[in-house]
Amino acid sequence: MAEVEEGRKSSEEFTDESEEEDSEEEPKLKYERLSNGVTEILQKDAASCMTVHDKFLALGTHFGKVYLLDIQGNVTQKFEISSVKINQISLDESGEHVGICSEDGKVQVFGLYTREGFHENFDCPIKVVALHPQFTKSNYKQFVTGGNKLLLYEKNWLNRWKTSVLHEGEGSITNIKWRANLIAWANNVGVKIYDISTKQRITNVLRDNVSLRPDMYPCSLCWKDNATLIVGWGTSIKICVVKERNPTEMRDLPSRYVEITSAFETEFFISGLAPLADQLVTLFFVKENSDHMDEEFRARPRLDIIQPLAESCEEISSDALTVRNFQDNECRDYRLEHAEGESLFYIISPKDVVVAKERDQDDHIDWLLEKKKYEEALMAAEISFKNIKRHDVQKIGMSYINHLVEKGDYDSAARKCQKVLGKNMELWENEVYRFKTIGQLKAISQYLPRGDLRLRPAIYEMILHEFLRTDYEGFATLIREWPGELYNNMAIVQAVTDHLKRDPTNSTLLTTLAELYTYDQRYDRALEIYLRLRHKDVYQLIHKHNLFSSIEDKIVLLMDFDKEKAVDMLLDNEDKISTDRVVEELADRPELLHVYLHKLFKRDHHKGQKYHERQIGLYAEYDRPNLLPFLRDSTHCPLEKALEICQQRNFVEETVFLLSRMGNCRRALQMIMEELEDVDKAIEFAKEQDDAELWEDLISYSIDKPPFITGLLNNIGTHVDPILLIHRIKEGMEIPNLRDSLVKILQDYNLQILLREGCKKILVADSLSLLQKMHRTQMRGVRVDEENICESCHATILPSDMAKPFGVVVFHCRHMFHKECLPSPGTIHGVQFCNICSAKRRGPGSGILEMKK
């Protein structure tokens with residue numbers, strides 16, 4: 001594959017396009033080539049190692065040079081260290097000191113700003129060097145080097161360098177990582193960890209695949225935190241956790257131990273490792289004879305994100321990287337470095353440096369737009385609008401609308417306009433004209449702004465004309481939903497009128513025209529149309545706009561449309577349309593007049609009193625069931641006129657009522673017995689009148705009619721002495737149910753006797769109880785003190801000298817007298833009355849107490 005142009009390139013230049021096209025999963029990382037000064041360096045030289053600090057980068061080359069770079073790849077400093085390959089560069093946490101080792105045995109540790117430090121040439125290649133993380137701050141200035149031995153260098157109290165051998169005898173040391181007090185290194189046998197604080201070696205993690213050459217497939221080490229070491233070697237990954245040993249188990253053992261929490265095999269050879277939260281970023285080398293790749297892409301390195309499990313791993317993402325000259329590289333030629341605290345990963349190869357970083361929200365939106373997932377892209381932009389830098393929410397929304405229009409989903413596109421266009425009137429008008437161009441004005445009509453934010457009236461009128469031309473129902477809906485201020489009402493009225501000339505009976509257009517007249521406050525025109533159509537909104541229109549003066553000559557039309565609503569409205573607004581006016585209008589429609597007067601009478605029996613005479617005929621003609629209640633309740637009805645009408649129509653019940661009301665009860669009773677032949681009703685009538693002569697007439701009429709006699713025997717016991725009836729019954733007359741009737745009479749008599757006796761007992765008991773209560777009351781003492789006065793002389797009732805004899809009379813009415821102030825006793829000996837409240841009768845003023853002393 002041809003090399004890509006230098007500079008920062010998009011992720012697709014470094015990843016497998018064929019995989020990306022088929023995958024619907026979003027990549028986790030994006031890639032950029034480190035360019036500027038790096039490009040120029042690698043054209044003449046080759047990268048051998050690199051170290052990352054959060055402030056700068058340090059790049060070592062095969063020609064023995066070390067370059068300090070900014071994060072854009074620009075060279076800030078250059079050091080000529082050797083003429084051969086730089087094997088390792090180490091920085092302390094402050095970034096002020098650097099350690100460098102090379103293939104010719106040179107080791108230099110110096111300050112970037114002082115150049116003072118350690119400079120030594122060894123007689124063997126030094127593969128790795130590692131500074132203490134706190135090298136600048138530490139007094140001991142410790143660092144380690146790895147060749148055939150692992151050597152620890154530190155300054156003593158005389159400021160001289162002291163050397164200690166930490167390990168030897170297991171071949172060349174290929175990698176060292178120092179974190180806090182722990183030093184991890186790898187040699188031909190395995191990986192070991194040394195605790196610098198206790199000076200103890202605490203573990204030995206053996207190499208799994210001993211068949212692989214350590215120099216060709218070097219070990220990758222990475223500290224995830226101060227206690228977690230990740231080891232990658234060949235195709236094996238192990239996660240080792242350093243733990244404190246229980247003091248009771250120590251004996252001669254180190255104070256710490258290592259527990260392998262995860263160990264698993266991978267598909268390809270590991271060239272580098274880096275932590276990413278609880279996941280791992282792994283750089284894989286793919287051998288040329290691998291069956292897993294097409295020939296064109298066989299040796300491309302892969303950068304995967306995996307989720308470690310106890311004995312396996314789960315692949316989260318995988319990208320094949322197209323780095324320069326990847327066909328010529330081996331596993332040992334690749335390195336993976338990462339920046340602490342940032343999700344930045346540097347893939348180093350001899351001729352290329354690629355930076356991988358986590359995708360941000362802008363990248364996420366880019367991918368969604370590329371996959372035509374516009375709705376998700378819009379949602380993501382709205383949620384993270386403060387964080388996105390390259391995208392604009394409205395532009396994404398417009399892209400979404402364009403996409404929907406291209407698909408032909410016009411309704412969804414129109415609906416999105418509400419959300420996307422917001423208050424931008426220019427964009428709204430552009431979209432309306434675009435929808436007009438494609439013939440889809442109907443789709444956008446229901447989503448147009450219609451509140452405080454409005455378009456020009458011409459826009460709304462254009463849509464209304466479109467609907468009026470093609471869809472009457474839709475036009476009517478818009479007129480109902482849109483406020484009248486959105487458009488020129490007169491222009492739309494004229495357009496509707498023109499259409500009605502071609503179709504004058506179209507109810508939809510007529511109703512809409514009435515609504516337009518209402519908006520224009522031409523209520524009389526609207527009312528005419530509503531009445532013509534018998535539209536349900538006519539009553540609401542009358543009430544809302546007080547159109548009662550306009551309906552005085554249209555009462556019959558209103559009644560024909562809905563009698564109940566019309567009458568209720570007229571009665572509720574008598575102050576606006578008088579009863580006389582309504583009666584006048586309904587004179588030619590007696591059936592409607594009856595409905596109106598009947599409801600008026602129900603509301604108030606006195607309001608329409610002058611029409612009661614007319615109502616008699618109306619009830620007789622249209623509503624006989626309510627005639628009798630009307631005659632009973634009306635006090636203004638002419639009885640003679642009513643009687644005449646009822647007799648003409650042979651309304652017996654009504655005639656009976658009128659005769660009884662006029663005092664002709666005997667004639668009324670006669671009609672009940674002769675025409676209705678209803679003895680129960682006759683008895684009920686006689687009971688109501690409670691007239692002895694009527695009872696006599698009823699008995700005389702019934703005496704030769706056995707069924708009537710039975711009815712009388714059963715019902716008159718409480719009003720007439722049954723003996724009078726029984727004596728008048730002819731001997732030998734057969735009377736139905738006579739025995740039962742007589743038994744009932746006897747039972748009624750016994751019941752009356754029992755009731756009288758019961759009442760007598762209650763009366764006697766109540767009288768006795770009240771007498772006892774009165775006696776107790778009269779026997780109570782009455783308080784007499786200095787505050788009481790004589791009602792005759794008005795002096796204090798008690799004398800000032802209580803030693804002298806005196807007499808006081810106190811009545812039950814609480815009036816008090818000196819004995820000498822009382823008048824002489826009455827005619828009844830021994831009984832005296834209060835001359836104030838009971839002078840002429842006995843009662844509560846009877847004397848109850850006489851006090852003497």
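Predicted model: local features only at pLDDT ≥ 70, side-chain atom pairs only at ≥ 80, totals over all residues.
Cysteine 101 is buried, with a relative accessible area of 0%. The structure contains zero disulfides. For cysteine 101, the nearest cysteine sulfur belongs to cysteine 49 and lies 7.5 Å away, and cysteine 101 takes part in no disulfide. A second case is found at cysteine 790, whose sulfur has its closest cysteine sulfur in cysteine 793, at 3.6 Å. That separation is too far for a bond, because a disulfide is counted when the two sulfur atoms are within 2.5 Å. Cysteine 790 is likewise buried, and its relative accessible area is 0%.

Phenylalanine 118 is buried, at 6% relative accessible area, whereas tryptophan 161 is partly exposed, at 27%.

Phenylalanine 143 and tyrosine 153 provide a stacked pair, with ring centres 4.8 Å apart and planes at 10 degrees to each other. Here the link runs from strand 11 (residues 143-146), which holds phenylalanine 143, to strand 12 (residues 149-155), which holds tyrosine 153, so parts 10 residues apart in sequence are tied together. Phenylalanine 143 and tyrosine 153 are both buried.

The charged end of arginine 624 is placed over the ring of phenylalanine 651, at 4.2 Å from the ring centre. In another such arrangement, lysine 442 has its charged end over the ring of phenylalanine 467, at 5.7 Å from the centre.

Most residues other than glycine have a negative phi. Asparagine 36, although not a glycine, has a positive phi of about 60 degrees. Asparagine 36 is found in the loop between strand 1 (29-33) and helix 2 (37-44), where it is partly exposed, with a relative accessible area of 41%. Lysine 141 is also not a glycine and has a positive phi, in this case of about 50 degrees. The loop that carries lysine 141 runs between strand 10 (128-131) and strand 11. Lysine 141 counts as buried because its relative accessibility is 19% and the limit for that class is under 20%.

Finally, the surface has a nonpolar patch of about 290 Å², made by Leu768, Leu771 and Met774. Methionine 774 is located in helix 28 (residues 738-779). With a relative accessible area of 43%, methionine 774 is partly exposed, so this residue passes the requirement of over 30% for belonging to a patch.

How values were computed: Residues numbered from 1 in each chain as written. Heavy atoms only, no water. Patch = residues over 30% accessible without salt bridge, like charges linked within 9 Å, V, L, I, M, F, W, Y side chains within 5 Å. Areas by Shrake-Rupley, 256 points an atom, 1.4 Å probe, with all protein chains shown as cover. Salt bridge = Lys/Arg side-chain N within 4 Å of Asp/Glu carboxyl O. Helix = DSSP H or I, 4+ residues; strand = E, 2+ residues; numbered from the N terminus. Buried < 20%, exposed > 50% of the residue type's maximum accessible area, 1.4 Å probe, protein only. Phe/Tyr/Trp six-rings, centres within 6.5 Å; stacked < 30°, edge-to-face > 60°. Lys NZ or Arg CZ within 6 Å of the ring centre and 35° of its normal.
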